[in-house]
Amino acid sequence: MCGIVGYIGPDEAAPILLDGLSKLEYRGYDSAGLAIYNDGRINIEKAVGKLANLSEKTGGGSQVKGSLGIGHTRWATHGKPNEVNAHPHSTENFSIVHNGIIENEAMLRRTYLNDVNFVSDTDTEVVVRLLEKFTSEGEAIDVAIMHLIDIIDGSYALAIIDRRNPEYMYAVKNKSPLLIGKGEGFNMIGSDAMAMIAHTDTFYEIHDQEFAIVTRNSVDIFTSYSKKVDREPYKAELDLSDISKGTYPHYMLKEIEEQPLVLRRIIGEYQNDAGELTVPEEILADVRACDKIYIIACGTSYHAGIIGKHFFENISGKPADSYIASEFVYNTPLLTERPLFIFISQSGETADSRAVLVKIKEMGHKAITLTNVKGSTLSREADHTMLLYAGPEIAVASTKAYTAQVAVLAILAVAVKNKIGIDLKYELALIANTIESLCSDRELYKRLAEEYIAPSRNCFYIGRGVDYYVCLEAALKLKEVSYVQTEGFAAGELKHGTISLIEEGTPVVAIITQYNTHLNTRGNIKEVTARGAKVIRISTKGASSRRDQIVIGDVHELLTPLVSVVPAQYLAYYTAFLRGCDIDKPRNLAKSVTVE
Ligand code: F6R
């Protein structure tokens, strides 16, 4: 997690870095810091808490002069979020910012830095101290960087400046994201393109175990063996309006309401010249050749994966299962003879998922990554990529990426084998319209959140089949942004234990979209109502009953997760809003989880 920005050029660096960091705050927001070179010195400014505190402390950056600098927003892993542990970390000559985890820091301290008094609790300080040591022992900076790559285990994206060489900035990468932004007369380093897009749309990738030497006018990338890499820059398809809130009070609300647009974009991107939804033949060949699909993901993406399993089994007749990455990697189930892996990751950088990818690649298995971020680690390391085309998702709570994941899984399942003859293009277009009409009911969701959920300590989502799968996602959404403890349950399981939690006034949200089970779920609603629960019912028209508060237009029964999740996203949003929570940046969370 953590966000990194660096700038070298003719302009004042600090305001540019603060602006870049504001686009990266989703990666962490425990503390922030800047290191700016000026007149033979590196000036450090740090502040605990949100970036706004650092901005206020430095007059929006205007009080820190200099046109070479690096900046950081932190999501604490080693040591408390305080000013000492905030990045940049410095020695006499170097300042560095780091995203990742140095796994062998204890060994490095013992072996190389036994006589050093560390000032912070961070693993990052080990890196800057090693750099100072190696260069003071006579290594040139590029040699010292290669030395670091050689001895450090773990993940790192590093931006480095050296007081003695202010015409250079250095970037080093292993398993944590880092890009170089190519400008005219300036260059930048950033954790992602959004941090730099206000200045340039042209980027160089740096791969694992590579480093870059960056000046105002040049970018030279090297492997850890000092071999110069010949790599063309690419243009990012991002524009500033994608990453601004526009007139919305929060990114989460904006992203919920972008879902129809995202679905239409997915239709456009996945259709061929004849207007049919297609998937490249080489991907289909790999899926068809397997005897089981193993879907690997975390959090919301895992919830999309469970729906994917439902699609593969019901639409393509292909056995599939969805697994939590952090479980799968250390408790790998018995695999079938010809497994195929599908990784689902909005960011494409999630360390838990990547650990599985590394493991299954070592075993020689094929992998497809579904991701929102072109060129991300999981995309590069898999055999195939299917992009989500959701546009940048800035709110920490995932909304539009989830629907994009579910839609792309449906496209893949239909392309593999359309056993049920579904007209997916028509259905997705219908769903986009249906979501649009759901978006016009904001007041209803707000009123329900106010009356039922916001005053409560806890809440339950119940449903059966795909409705249960959506309940898991709906519960995650509500608890992560509003801090109301929420669980999603299979409605039929209530009587086997959970129903003991129901008290007078407990909010229960029931999702009812499946004809074969709607009567059973309604029976379960009666059971909780009889024990004092206050129930919100979200149903599709065909499965609705007179007293349901939220009734969604009918869509294909297999695809109802794409619509039933939307009111749940709104309920989460409005509950968090009414409880005064920091909706886009819930406490303790970061958008891109690059540590295991
Ligand atoms: C919750 C949420 C997380 C992510 C999870 C995986 O709203 O966003 O649960 O889904 O951290 O992230 P990705 O999809 O980037 O691998």
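This is a predicted model: local features need pLDDT of at least 70, side-chain atom pairs count only at pLDDT 80 or more; totals for chains, interfaces and linings use all residues.
**Overall build**

The secondary structure of the protein chain comprises 18 helices and 25 strands. Its radius of gyration is 25 Å, close to the 25 Å that the globule rule gives for 596 residues, so the chain is as compact as a globular protein of that length. Taken along the principal axes, the box filled by the C-alpha atoms is roughly 75 × 50 × 45 Å. Of the 596 residues in the chain, 61% are buried, and the accessible surface comes to about 22,300 Å², with 47% of that area belonging to carbon and sulfur atoms. When contacts between residues at least 6 apart in sequence are considered, 71% of them join residues at least 24 apart. The charged side chains number 62 positive and 77 negative, and the centres of these two sets lie 5 Å apart.

In soluble globular proteins, nonpolar side chains tend to be buried together. In this chain the largest nonpolar core holds 126 residues, and the members that touch the most others are Ile342, Leu412, Tyr461 and Leu571. Helix H13, which covers residues 400-416, gives the most to this core, with twelve residues. A second, separate core has 27 residues, including Ile102, Leu113, Phe134 and Ile151.

What surrounds Leu571, leaving aside its neighbours within four places in sequence? Leu571 is in contact with Tyr445, Leu448, Ala449, Ile453, Tyr461, Leu478, Val509, Ile536 and Ile538. One of these contacts, Tyr461, is also named among the core members that touch the most others.

Thr73 lies in strand S4, which runs over residues 68-74. With a relative accessible area of 1%, Thr73 falls under the 20% limit and therefore counts as buried. Not counting residues up to four places away in sequence, Thr73 touches Cys2, Gly3, Leu21, Leu24, Glu25, Gly28, Ser31, Ala32 and Leu51.

Arg27 is placed in the loop between helix H1 (13-24) and strand S2 (31-38). Is this arginine, Arg27, buried or exposed? Its relative accessible area is 2%, so Arg27 is buried. From C-alpha to C-alpha, Arg27 and Phe118 are 26 Å apart in space, while 91 residues separate them in sequence.

Ile141 belongs to helix H5, residues 141-151, and is likewise buried, at a relative accessible area of 15%. Beyond residues up to four places away in sequence, Ile141 touches Phe94, Leu131, Thr135 and Tyr170.

**Backbone geometry in loops**

Most residues other than glycine have a negative phi, and most peptide bonds are trans. Ser226 sits in the loop between strand S13 (219-223) and strand S14 (228-229), whereas Tyr389 is found in the loop between strand S20 (384-387) and helix H13. Their values are set out below.

Which peptide bond is cis, with omega near 0 degrees? The bond from His87 to Pro88 has this geometry, and Pro88 is located in the loop between strand S4 and strand S5 (89-90). Strand S4 is the element that also contains Thr73.

**The surroundings of Asp208**

Asp208 is found in the loop between strand S11 (202-205) and strand S12 (210-214). The C-alpha atoms of Asp208 and Lys175 are separated by 5.9 Å, although the two residues are 33 residues apart along the chain. Not counting residues up to four places away in sequence, the residues touched by Asp208 are Lys173, Asn174, Lys175, Arg354, Arg380 and Glu381.

Key
Residues are numbered from 1 along each chain as its sequence is written. Side-chain values use heavy atoms; hydrogens and water are left out. Helices (H or I, at least four residues) and strands (E, at least two) are DSSP runs, numbered from the N terminus. The radius of gyration is taken over C-alpha atoms; the globule rule is 2.2 Å times the number of residues to the power 0.38. Buried means under 20% relative accessible area, exposed over 50%, partly exposed in between (1.4 Å probe, protein chains only). Contact means heavy atoms within 4.5 Å. Accessible areas come from the Shrake-Rupley method with a 1.4 Å probe; for residues, only the protein chains shown count as cover. Lys and Arg count as positive and Asp and Glu as negative; His and the chain ends are not counted. The place of a charge is taken as NZ of Lys, CZ of Arg, CG of Asp or CD of Glu. A nonpolar core is a set of buried Ala, Val, Leu, Ile, Met, Phe, Trp, Tyr and Cys residues joined through side-chain atoms within 4.5 Å.
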